[in-house]
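Subject: Structure handover

Hello,

Please find the structure below, followed by notes on what was found in it.

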Amino acid sequence: VDALHERLESIWRTPPGLAALSGVNHSTIGLRFMASGFVFFLLGGVLAMLMRSQLAFPGNRLLDHQEYNAAFTLHGTAMMFFFAVPILLGLAIYLVPKMIGARDLVFPRLSAYGYWCYLFGGILVFSSLLFGEPPAGGWFMYVPLSNLPYTPDRGPDFWLLGITFAEISAVASGVELVVSILKTRAPGMTLERMPLFVWAMLVTALMILLAFPPLILAGILLELERAFGLPFFTPARGGDPLLWQHLFWLFGHPEVYIIFLPAAGIVSAIVPTFALRPIAGYSAVVLALVATGFISFGLWVHHMYATGIPHVSLSFFSAASMAVAIPTGIQVFAWIATLWNGRPVVRTPLLFILGFLFIFVLGGLTGVMVALVPFDWQVHDTHFVVAHLHYVLFGGMVFPLFAGLYYWLPLVSGRQLSELASRLVFWLIFVGFNLTFLPMHLTGLLGMPRRVYTYAEGLGWELLNLVSTVGGFLTAAGVAAFLVDFVLQWRFGPAAPRNVWRAGTLEWSIPWPVPSYNFASQPHVESRDPLWGSTKSSAGYLDHADVSRREMLVTSAARAEPEQVVVLPGNTWIPLVAALATGLFFVGVLAKLYALAALGVALTAAVLVVWAWQGGPRPAERDMEAGLGKRLPLQFTVARSPGWWGTAMALVADAALYGSLLFAYLFLWTVSAAWPPTGFREVGLALPAVALGSLLASSLAVYLRRYAAAIALAALGAALETGALSASGLSATEHAYGAVVFTLWGIELVHIALAILMAAFVLRRAAAGYSDRHAAAVAGLFWHYTVIQWVAGFAVVHLFPLLGA
Amino acid sequence: VTRLRMQADRPGLYRGQCAEFCGAQHALMAFHVIVLEPDAFERWLVHLRQPAQSPTHEAATKGRDAFLAQGCGNCHTVRGVVDSRLAAPDLTHVASRGWIGAGTLKNTPEQIVVWLAQGEAVKPGRAMPSFGHLDAATLGALADYLANLE
């Protein structure tokens, strides 16, 4: 066993020293995400303390209005984009493979690339401080304020580009987690045996794929308007500021649940352990998670009650906003029932969970209150909403996160938790939090608006604000104490036995120090809490002694039956280089050095080709002995490889992006007087129809594996449509109509270019003597999607205007 | 969306404040609504339709001259003196208001001087330049004039 361990460790480990930056192992990447996320948490916290200090007294002059506006903008941005989502994704990246009996995530280089994009994006946003141009339009960046006439400095550009850069990582993690969870669970771990944390992450990851694209699109559109004058949001030229709000909250509300569901997963992992019994109502909790995921996409307008939307629509969104309390309530009752039935042992992690339940339920109650339109109109944009959102987000996410950090620390550190200090941490944060935000409900009801850098005396807000400030500093002291306690516990605690909490899930079967490959022998799972069942023989999969590469099982999505063996790439500098090249693009756009941006795109494409070229099958090898008498094919030889699944998931996000743009088109149509605007010449139908036909034919050619013909047909189609649009005299800058039409086609052009690149890759690869079926399957999938996307685009661009005529 | 309707059931003074974050001075964007009985409201409307009253004393007359000499009338309307300037608030009946600077300062001659001389310090980012270079007498005369515009 030791010899096998040495051998596996030498294959899987992240190298020491500077070369660690080339590491792709999920444990390494997960911890990096979490450490970086915590740094942003501290940054956001410092900004919060600055704001609380400023508001301690009326007319305080610690910060001026610019500094204060930048502070709340960066506070929200850091907490939502650079702390909450990344740290939870980091936790999932670290834990999910260990919980499902896998050795790594299925796209290790993608996680590494995502991490670097996240880190660089965060640095880009915060570097605006060094240039003295921080974004100051709020984390929601509403237009018209953040549009060029009203904010001519580069603050919004730093924000838009940095966030879009960082969101690559969220989408990458979404793809990564969905495919890993569906396709790499240990044999026998059917969907109904999956730990609830993994269920929560599956739903979250799917939500990310649908929710982040609207934000990315909104960012692209606003940057196009700010940099090139495409008037998506300018009413005088057919745009509409409300389009921004729709796109932003189409992302922004699911985002709240993208943050809450993983936290709920943490709670569902911890509660059974300390109640000493399985979770009550497992199926109900799973259904609640899925239902929350669905409903969360029907709530976004409740952020826009005060924008003058018709009452009928408001009633719908009000009802949906109240309905989402139901699945959340189901989970709360499941946790209470589990504790009720068991014999809870109140250790620090459970203490934080109890704090969560108390605070989160209060936040849920005020949530139902603000879901009511008339009540919301009273408290809209007051400190009442600030109090509500911190009760649900700090209560609903930070408390479970801290519970989870204490809970899983022994797994990573190999040391037991000492309770005394960590209980002090809990009480500091719990008391501090409530002291800050409980009075704030009242401040808001007394009429104090949000986002004000100062306020006048005599309005009855003085004492409440002072109390909130004192509470804020108490919370900050609690967080500082947490940091010290956590590091000390990590370094100096007494040694812990394996599975120190006697939990039931697979990650606790892993010895300490955590092997980089997690499981020397991939287990066969026979129950929901495998460690609580009878201890079976340790025989498993892929534990042959002559292993020489990163091998892992791929199983079927629902039943988890062994299907393939995937050979994962080892450590490589490619993700870091790719992220740097991507960064060149964003910096180029920010600095308006478009040649530099183009160079960034070219370099990124080149690096991605090298990326795809890495690895590859040994010519003669088609299948291998996987252990327990199974002979399984390698991923290169099957069409439905993990790569195909990953492409399919990425295309879900892609379709959400394009769908959001189609939504933008239809939304602007509904608010416009004439569409297309009068005086806009029609684009003739003949050329575009031929172009579409040419693209459809290219799809057929790809199906028949005539890649050269397909490339020629696609290029012809692209040229014809581009020619038709430019010959029509349609302008992208005169009116929002032209702006949307050109953007619809521009995104399609990018897809066609990528599809051609992929087909050329397949040709080149075959010429080089590789026989990988999966590459052709991936290229084909992307190609067909590209063509179908333009079928939708064509219908909107060329047929829709005919309806009105 | 740009029109705000309010229903008041009782006469009195009501304070409102900008809710949606609107930029630099979002914090200092308040307003006061005075609710009157119908006949008092009619009287107020009639008064409001009148052009500005002429200065009633010497200092106010000097202030009006300063108002014109300093170019205040390039942006501000005072009906009967300078008309149809839309870039800045109409000052025809400015003395009838309780507050200036969008609910920021009490409308007293002393505060008007502060607003004229150091307004950019009170509300950084406002469109009107500060007139701190004027001597105290001119500022005082301007304040007298504005306080005279009942």
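A crossing of two helices is called left-handed if the near helix is turned anticlockwise from the far one by less than a right angle, and right-handed if clockwise. By that rule, helix 2 of chain A passes helix 3 of chain A in a left-handed crossing. Please keep in mind that this is a predicted model.

Helix packing in chain A

Helix 2 covers residues 26-55 of chain A and helix 3 covers residues 65-99. Their axes lie 7 Å apart, and the packing angle is about 155 degrees. Angles over 145 degrees count as roughly antiparallel, so helix 2 of chain A is roughly antiparallel to helix 3 of chain A. Sorted by type, the residues in the contact between helix 2 and helix 3 of chain A comprise 25 nonpolar, nine polar and one charged.

A second pair in chain A is helix 8 (residues 282-295) and helix 10 (residues 325-341). The axes of helix 8 and helix 10 come within 8 Å and cross at roughly 155 degrees, which means that helix 8 of chain A is roughly antiparallel to helix 10 of chain A. The crossing of helix 8 and helix 10 of chain A is left-handed.

Which residues make the contact between helix 8 and helix 10 of chain A? From helix 8 they are Ala284(A), Val285(A), Ala288(A), Leu289(A), Ala291(A), Thr292(A) and Ile295(A). Helix 10 contributes Pro327(A), Ile330(A), Gln331(A) and Ala334(A). Nine residues of this contact are nonpolar and two are polar, with no charged residue.

Interface between chain B and chain A

On the chain B side 17 residues are in contact with chain A, and on the chain A side 21 residues are in contact with chain B. About 1,400 Å² is buried between the two chains, and carbon and sulfur atoms give 61% of that area. Of the area that chain B buries against chain A, 39% is supplied by Glu20(B), Phe21(B) and Ala27(B), more than any other three residues. The number of salt bridges between chain B and chain A is zero.

Salt bridges

Over all chains, a search of the whole structure finds 10 salt bridges. One salt bridge pairs Arg154(A) with Glu133(A), with the closest N and O atoms 2.8 Å apart. Arg154(A) and Glu133(A) are 21 residues apart, and each sits in the loop between helix 4 (108-127) and helix 5 (155-183) of chain A.

Regards

Terms used
Residues numbered from 1 in each chain as written. Chains lettered and ligands numbered in written order. Predicted model: local features only at pLDDT ≥ 70, side-chain atom pairs only at ≥ 80, totals over all residues. Heavy atoms only, no water. Axes fitted to C-alpha atoms, helices over the stretch in contact; angles between N-to-C directions. Helix = DSSP H or I, 4+ residues; strand = E, 2+ residues; numbered from the N terminus. Parallel < 35°, antiparallel > 145°, perpendicular 65-115°, else oblique. Contact = heavy atoms within 4.5 Å. Nonpolar A, V, L, I, M, F, W, Y, C, P; charged D, E, K, R; others polar. Buried area = accessible area lost by both parts, 1.4 Å probe. Salt bridge = Lys/Arg side-chain N within 4 Å of Asp/Glu carboxyl O.
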